[in-house]
Amino acid sequence: MTQLQELRHAMARAGLDAVWISDPANVRAVSGFSSGKDGKVLVTQGGATLYTDARYTVQAAEESPLDAFIARPPATLEHAAPGLAGLRVGFEADHLTVAALEDLREHWPQAALVAVQGLVQSLRAVKSSAEVQAIRDAQALADQVFAEVRPLIVAGARELDIASEIELRLRRAGAQSAFDLIVASGPRGAMPHGVASDRVIQDGDLVTVDMGAQLRGYHSDMTRTVAVGTPGAEMARVYRAVLEAEEAAVRAVKPGVRTAELDRLARDILTGHGLGEAFAHSLGHGVGLEVHEAPSLRGTSDDVLQPGMIITIEPGAYLPGVGGVRIEDLVLVTEDGHEVLSVSPKEVL
Ligand SMILES: CSCC[C@H](N)C(=O)N[C@@H](C)C(=O)N[C@@H](C)C(=O)O
């Protein structure tokens, strides 16, 4: 079943006649149009139209099988209005701005507008084989770039030097960085999202490198924490604890497992090492057209793993004023278990 067919089933279950898709990743998912931020899609039970403007006439025809209507608002909304009279039309409440909702109300006075959340996102959680290949390729590139850059992570280098080397190599390979590169050394490692700064790496530092490639619209995500010289005994102990939690959670990945249970498993191990409070975020998330997407591996999540999901497993421990460790793998849920897509070696400390 195509994503559009699945969406129509989901719409019927939600009692919707139509849905107005404005989230860029969702626009891309249902239409194939890669400039999702400059496009919208109206899906009804009988049709689907991509709305974009004249900058994208050629691109829309090349990328999307959907009928395209080339105009800017309000002409786009006026074009859609007659077909929506008397219908229940969903809009993406987690993306549409209040101003854009007012526009819909003004131009579609005869439609019943219904706030929906996660309608398309939930369909994106299970990847097609083409999507799995795209993410596999993005991760393979990230692994290759990490291997090239690892020797440059030495005392005297700046975090920014490492980040710019990674970005340059990704760019040269036709990709780009999936997010602002995290290179957090020494005490800066206590910031889970410590983007690269001008700090000079010191002998004895642990350095957390969290990087991903964006290739053909799909993302990868991986973290390695590496040692420069010999780290102190306390941070080496923290590293081993995080590695133990990470490996245990990866081993437990298989269809049918509740993601909240995985988070609990990793958290319990860190708690056993006195690091429960230091694990300041969720165990992981799905990865695809966005770096963070469904499923969520948060302790409060109701998500259950299914074959075809691609998730991260990334426990961490962050000690303010001292440093931090995160180790993250990108994992494909398979029919009978899992496959780890990230192959960069993990240090043994
Ligand atoms: C700004 S994208 C950062 C990507 C990074 N690999 C990452 O996912 N970091 C996690 C610590 C994170 O942000 N987790 C989220 C899902 C959370 O726990 O809320």
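**Close-up views of a predicted model**

View 1. A polar side-chain atom of His193 sits 2.9 Å from a nitrogen atom of the ligand. The model shown is predicted. For Asp221, a polar side-chain atom lies 2.8 Å from a ligand nitrogen. Glu328 has a side-chain N or O atom 3.3 Å from a nitrogen atom of the ligand. On its own the ligand exposes 500 Å², and the protein buries 79% of that area.

**View 2. The shell around the ligand.** The residues around the ligand include Phe179, Asp210, His281, Ser282 and Arg298. The shell divides into one nonpolar, five polar and five charged residues.

View 3. Strands β18 (residues 329–334) and β19 (residues 337–340) pair in the antiparallel sense. Four bridges join them. Val331 has Val340 of β19 as its bridge partner. Two residues lie between the strands of this hairpin.

**View 4. Aromatic pairs.** The count of aromatic pairs comes to four. Trp20 and Trp108 form an edge-to-face pair, 5.2 Å centre to centre with 90° between the planes. Trp20 lies in strand β1 and Trp108 in the loop between α5 and β6, so the pair ties together parts 88 residues apart in sequence. Trp20 is buried at 4% relative accessibility; Trp108 is buried at 2%.

View 5. Tyr51 belongs to strand β3 and Phe69 to strand β4, 18 residues apart. Tyr51 is buried at 3% relative accessible area, whereas Phe69 is partly exposed at 25%. Trp20, Tyr51, Phe69 and Trp108 form one aromatic cluster.

Conventions
Residues are numbered from 1 along each chain as its sequence is written. This is a predicted model: local features need pLDDT of at least 70, side-chain atom pairs count only at pLDDT 80 or more; totals for chains, interfaces and linings use all residues. Side-chain values use heavy atoms; hydrogens and water are left out. A residue is near a molecule or strand if one of its heavy atoms lies within 4 Å of it. A polar contact is a pair of N or O atoms within 3.5 Å; within protein, one must be able to donate a hydrogen and the other to accept it, and residues adjacent in sequence count only if both atoms are side-chain atoms. Accessible areas come from the Shrake-Rupley method with a 1.4 Å probe; for residues, only the protein chains shown count as cover. Ala, Val, Leu, Ile, Met, Phe, Trp, Tyr, Cys and Pro count as nonpolar, Asp, Glu, Lys and Arg as charged, and the others, Gly among them, as polar. Two strands pair if DSSP finds at least two bridges between them. Rings of Phe, Tyr and Trp (its six-membered ring) pair if their centres lie within 6.5 Å; planes under 30 degrees apart count as stacked, over 60 as edge-to-face and the rest as tilted. Buried means under 20% relative accessible area, exposed over 50%, partly exposed in between (1.4 Å probe, protein chains only).
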